[in-house]
Each structure stands twice: as C-alpha cells, then as structure tokens.
Amino acid sequence: MIVNTPEAVALQHIVERLDKFKPRQRWWRRWVKRSAVAIIIRELNDHLEILMIKRADREGDPWSGHMAFPGGRMDRGDITGLRTAMRETEEETGIYLDKAGHCIGRLSDIVSRPHSGRQPMVVTPYVFRLHTAVSIEANHEVAEAVWIPMSYLMDPVQRETMELKRGRFAMTLPCYNYGKRRIWGMSLRMLDELLSLV
C-alpha cells in the first residue's frame with residue numbers, strides 16, 4: 001500500500017523523472033574498464049532513505065574507507081552493467097535486488113581512475129526501489145552499511161566543504177558529514193544528479 005505523504009509522492013516523482021531522464025552515456029565505455037553501483041531507495045515510516053556503505057580499509061585500494069554505494073567491477077560473465085550492480089550488491093550486502101526491489105532507472109556514466117593502470121574506468125549508477133524489507137549481511141569488503149535519510153541530503157544546511165591535498169596542491173570540495181561518515185567525490189556527484197530530479 002502506498003501512503004499518500006510528501007515523501008511517498010516524492011518517490012513517485014523520482015520514478016517519473018527517471019523514466020524521462022536521459023543520462024549521459026560514454027560511447028567509448030565498451031573499450032575501457034567498467035563498474036556499476038546500486039543506489040537503493042527504501043520507504044520507512046513515511047520517509048525515504050538511501051543505502052550507503054563504508055568500504056573496508058584495504059591496502060592499495062584508492063577508495064579504502066570511503067563512503068560509497070554497493071557495486072564493483074564488471075565481470076566477463078555480466079551481460080550488462082545492471083547485472084553487475086545487482087551481483088555486486090548481493091555479494092557485498094546480501095540484498096537480492098531481483099527479489100526485494102526493482103530498477104527504476106539509471107544515472108549518467110562517471111569517469112573514474114581505476115585501481116591500477118592509466119586507462120580510465122566508467123562507472124554506471126543504477127537506481128533501485130525496494131518493495132520489501134531487507135536485512136544486510138555485509139561481507140569482508142564492507143566495514144559498515146547505513147541508511148541515509150533523503151531529507152538530510154536535501155537539507156542545504158547539511159552541506160559542508162572539505163580540503164583535499166594532493167602533493168603541493170589543495171582543493172576545496174563539497175561534502176556531507178553524516179556523523180563520522182564523510183560523503184564526497186564520485187558518490188556525491190551521483191547523489192547530486194539523483195537529487196536534482198526531485
């Protein structure tokens with residue numbers, strides 16, 4: 001049963017906007033390394049939440065300890081990026097998206113640096129809506145899984161800045177600090193595009 005609340009209406013609005021949305025796709029992505037992630041939205045007590053994970057600390061991993069969405073690199077057996085996002089989510093969180101929810105759309109491709117080598121990697125975010133309650137069973141790649149209220153992400157007061165140093169250079173970048181969890185970079189770019197549809 002869909003509850004007629006502002007949050008529920010907002011989710012339906014997201015569904016409708018994603019249906020009309022034309023994400024930017026990198027035409028050359030088939031020739032480079034590819035990854036895909038799942039942005040999972042659930043309705044709970046008349047409000048919306050988005051699942052994020054904190055990646056476990058691993059030596060040599062450039063995203064070690066970062067807040068991110070479940071997902072990972074496309075395997076040869078993955079027919080599509082959507083399949084990659086679903087498989088990786090199942091492995092990392094124990095959530096079977098084909099049973100607990102469904103994909104309501106995708107966002108624009110993001111070009112990222114890979115774990116190794118100079119060739120770029122294209123990351124494709126897919127948005128899912130849960131239609132049943134789930135429990136999270138995180139694997140060794142995940143230090144923590146947390147549901148972030150969408151109302152928090154939409155509140156301009158919560159937006160902060162951080163300083164990132166790379167050698168002699170320093171950059172000021174936008175971020176959220178949800179408790180001790182910092183959301184920034186590629187994950188924040190994905191969130192910003194999703195929230196722009198609301």
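Q: What should I keep in mind about the model and the numbering?
A: This is a predicted model, in which local features need pLDDT of at least 70 and side-chain atom pairs count only at pLDDT 80 or more, while totals for chains, interfaces and linings use all residues. Residues are numbered from 1 along each chain as its sequence is written, and side-chain values use heavy atoms, with hydrogens and water left out.

Q: How many helices and strands are there?
A: The chain has five helices and eleven strands, where helices (H or I, at least four residues) and strands (E, at least two) are DSSP runs numbered from the N terminus.

Q: And what about overall size, say the radius of gyration?
A: The chain has a radius of gyration of 17 Å, which agrees with the value near 16 Å that a compact globule of 198 residues would have; the radius is taken over C-alpha atoms, and the globule rule is 2.2 Å times the number of residues to the power 0.38. Along its principal axes the C-alpha trace spans about 50 × 40 × 35 Å.

Q: How much of the chain is buried?
A: Buried residues make up 47% of the 198 residues, with buried meaning under 20% relative accessible area, exposed over 50%, and partly exposed in between (1.4 Å probe, protein chains only). The accessible surface comes to about 11200 Å², and 50% of that belongs to carbon and sulfur atoms; these areas come from the Shrake-Rupley method with a 1.4 Å probe, and for residues only the protein chains shown count as cover.

Q: What share of the contacts is between residues 24 or more positions apart?
A: Among contacts in the chain with a separation of 6 or more, 67% are between residues 24 or more positions apart, a contact being heavy atoms within 4.5 Å.

Q: Switching to charges, how many positive and negative side chains are there?
A: There are 30 positive and 25 negative side chains, and the centres of the two sets lie 8 Å apart. Lys and Arg count as positive and Asp and Glu as negative, with His and the chain ends not counted, and each charge is placed at NZ of Lys, CZ of Arg, CG of Asp or CD of Glu.

Q: Now S7, why call it largely enclosed?
A: Ten of the ten residues of strand S7 (residues 121–130) are buried, so the strand is largely enclosed by the rest of the structure. Met121, Val123, Pro125, Val127 and Arg129 point one way from S7, Val122, Thr124, Tyr126, Phe128 and Leu130 point the other way, and all are buried.

Q: Which way does S1 run against S7, parallel or antiparallel?
A: Strand S1 (residues 33–44) pairs with S7 in the parallel sense over nine bridges, and two strands pair if DSSP finds at least two bridges between them. Within that pairing Ala36 has Thr124 as its bridge partner, and Ile40 stands opposite Phe128.

Q: What about S5 and S6?
A: Strand S5 (residues 101–106) is joined to S7 by five bridges and runs antiparallel to it, with Arg106 partnered by Tyr126. Strand S6 (residues 110–112) also pairs with S7 in the antiparallel sense, over three bridges, and Ser112 stands opposite Met121.

Q: Back to S1, how many of its residues are buried?
A: Nine of the twelve residues of S1 are buried, so S1 is described as mostly covered. S1 also runs antiparallel to S4, joined by three bridges, and pairs with S2 in the antiparallel sense over four bridges, where Leu44 stands opposite His47.

Q: What sits in the turn between S1 and S2?
A: S1 and S2 form a hairpin with two residues between them, and Asn45 in the turn has a positive phi of about 50°. Asp46 lies in that loop between S1 and S2 and has a positive phi near 65°. For context, most residues other than glycine have a negative phi. Asn45 counts as exposed at 65% relative accessibility, and Asp46 as partly exposed at 45%.

Q: Last one, Gly105: buried or exposed?
A: Gly105, which lies in strand S5, is buried, with a relative accessible area of 15%. Not counting residues up to four places away in sequence, Gly105 touches Leu18, Tyr126 and Val127.
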